[in-house]
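Please have a look at the sequence and the fold before going on.

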Amino acid sequence: MKRGRTIFAAVFAALVVATACGGAGTQGTANRPDVIIGSTNFYEQLTLGELYAQILEANGYKVTRKFNLGNREIVQPAIESGQIDIDAEYLATLLAFVDKNGAIAKPTTDPKTTQTGLQKALDPKQLTVLDFAAATDQNGFVITKATADAKNIKAISDLQPYAGNYVLGGPPECPQRPFCQLGLKTVYGLEFKDFKPLDAGGPLTVAALEGKQIDVGLLFTSDPSIVAKNFVLLDDNKHLQLADNIAPVVRNALLQKDDGTLKRLLNSISAKLTQGELNDMNKQVAVDKKDNKDVAAAWLKKQGLIK
Amino acid sequence: MSLFGDVAGWFADPAHWQGTHGIPTRIVEHLELSGLAVAVAIVLSVPLALYLGHVGRGGFVAINVANIGRALPSLALLAFALPIAIALGLGLGFWPTLFALVPLAIPPILTSTFVAVREVDRDVVDAARGMGFRESQILRSIEIPLGLPLILDGMRTASVNVVATATLGAIVAGGALGRFIVDGLALQDYPQLVAGALLVALLAVATEVSFAAFARATAPAGMTANP
């Protein structure tokens, strides 16, 4: 298994290098360096990759898309070794990935601090993390719209008076995890009536919440069913979750070849990318089965980022 | 060696014996689920098998159709039943699992009951008919009592299969003893996982033993004589 994977990675790397070399030398507009954008293999990453690719293309960059590369174990080495130039990342998770023991910095619940720490960890790898978006992809607690409206619950702390009558649903390990039931107790002081073991932000949790078998469910903050099922994502107002805000990571070599336009363009996306906007795009791709190219183009136009 | 100690420690913890997540609750849930699955399978298959066995026709087709139930993986049935149960508003856990377990219980019951009736000595049946027994009387007074040990045998096999397989329910958020196995795996809490597996195995053996005792107690007088 492991051996097969290694061979696959090697063959793959060779292919990527070969194509990258082929592209070199054919520059688009003057002083617009060629760009290779990579992504991991799930829909949100493809949409983010398209956002970055299309805004750059609209401004005269020649973009090569290397999407669906696999998980972070494949994509991070690819950007470090220059097989790709840009990818969309998640602050806390990437920091924990590149600095496994937390020797340089540890992820925190604050995105600004986490970004600073991440930059320190990326410096020796010649990578730069640009501005982060408000949008995250991390653990989130959701309730139905009916519950939210009836009890006027907007944030996790608003659950305080009701938790004793509510059932929490999430992955089986939730009761013992600091970012799940354990954290809700220590950080928010919430003691639920019961816990129902379901899945890690999957269809069981969605069905249980919809079928009123649970009152509060754990989903990922960018889960498309939040929009599709009209759930309400509660504000993590006491910052239980680590800051997994979305941010582009770029090779320093590319930034040095560029006149600063690239950085400005990517930052303009992060500035507009709120949780609601991201979740709406995820819903269009994952639930409505729209093409992520079209979804990304429509969003960039709506935000006035491309014409 | 230490795993044994850990498992014993898990059983010794009084917290594991109380409340909605405790062992007694999970055993009751397991028995409810298994019992209902077998009961539904009996209602669906016994009348048909008795009829077919009595008239001696159609058995081949019925048994082969039922045997498809043995070939269908319960896990696939469970996955198939889940969206249907959600769409029907039956929720997660209990009902989808029941749907997956019933097809598992039908084949042994149907086959054994059919064979039990069919294999009753034809001379006895003919003698009864000659004495003026109506067909329903033959079935009630001759074929069912004489076939009872084999009929119960089918139900025993079905019950043991169902008790062992009902653990799957935990995958779709059901209760029952599978909870300990699925949660134990998710938490990498191996003592809990092993304890859950032990409880299921014990319950299956207990089911087997109780059926054997019941079969012995209900066997017709003429069939219990020691050779």
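Let's begin with confidence in chain B of this predicted model. The mean pLDDT is lowest in helix α10 (residues 221-224) of chain B, at 63, while helix α2 (residues 23-55) of chain B has the highest, at 94. Where pLDDT is low, the predicted coordinates should not be read in detail. Over chain B, the average pLDDT is 89, and 96% of the residues reach at least 70. For the model, ipTM is 0.72 and pTM is 0.74.

Next comes the contact between the chains. Chain A brings 13 residues to the contact and chain B brings 12. On the side of chain B that touches chain A, α8(B) gives the most, with four residues. That side of chain B is made up of seven nonpolar, three polar and two charged residues.

Now for some backbone detail. Most residues other than glycine have a negative phi. Two residues are worth a look here:

| Residue | Phi | Location |
|---|---|---|
| Q126(A) | about 60° | loop between α5 (111-122) and β4 (127-129) of chain A |
| A176(B) | about 65° | loop between α7 (135-165) and α8 (178-186) of chain B |

Q126(A) has a positive phi although it is not a glycine, and A176(B) likewise has a positive phi without being a glycine. How do their surroundings look? Q126(A) counts as partly exposed because it has 14 C-beta neighbours inside 10 Å. A176(B) has 29 C-beta neighbours inside 10 Å, so A176(B) counts as buried.

Conventions. Residues numbered from 1 in each chain as written. Chains lettered and ligands numbered in written order. Predicted model: local features only at pLDDT ≥ 70, side-chain atom pairs only at ≥ 80, totals over all residues. Helix = DSSP H or I, 4+ residues; strand = E, 2+ residues; numbered from the N terminus. Buried ≥ 20, exposed ≤ 12 C-beta atoms within 10 Å, placed from the backbone. Contact = placed C-beta atoms within 7 Å. Nonpolar A, V, L, I, M, F, W, Y, C, P; charged D, E, K, R; others polar. pLDDT = per-residue confidence, 0-100.
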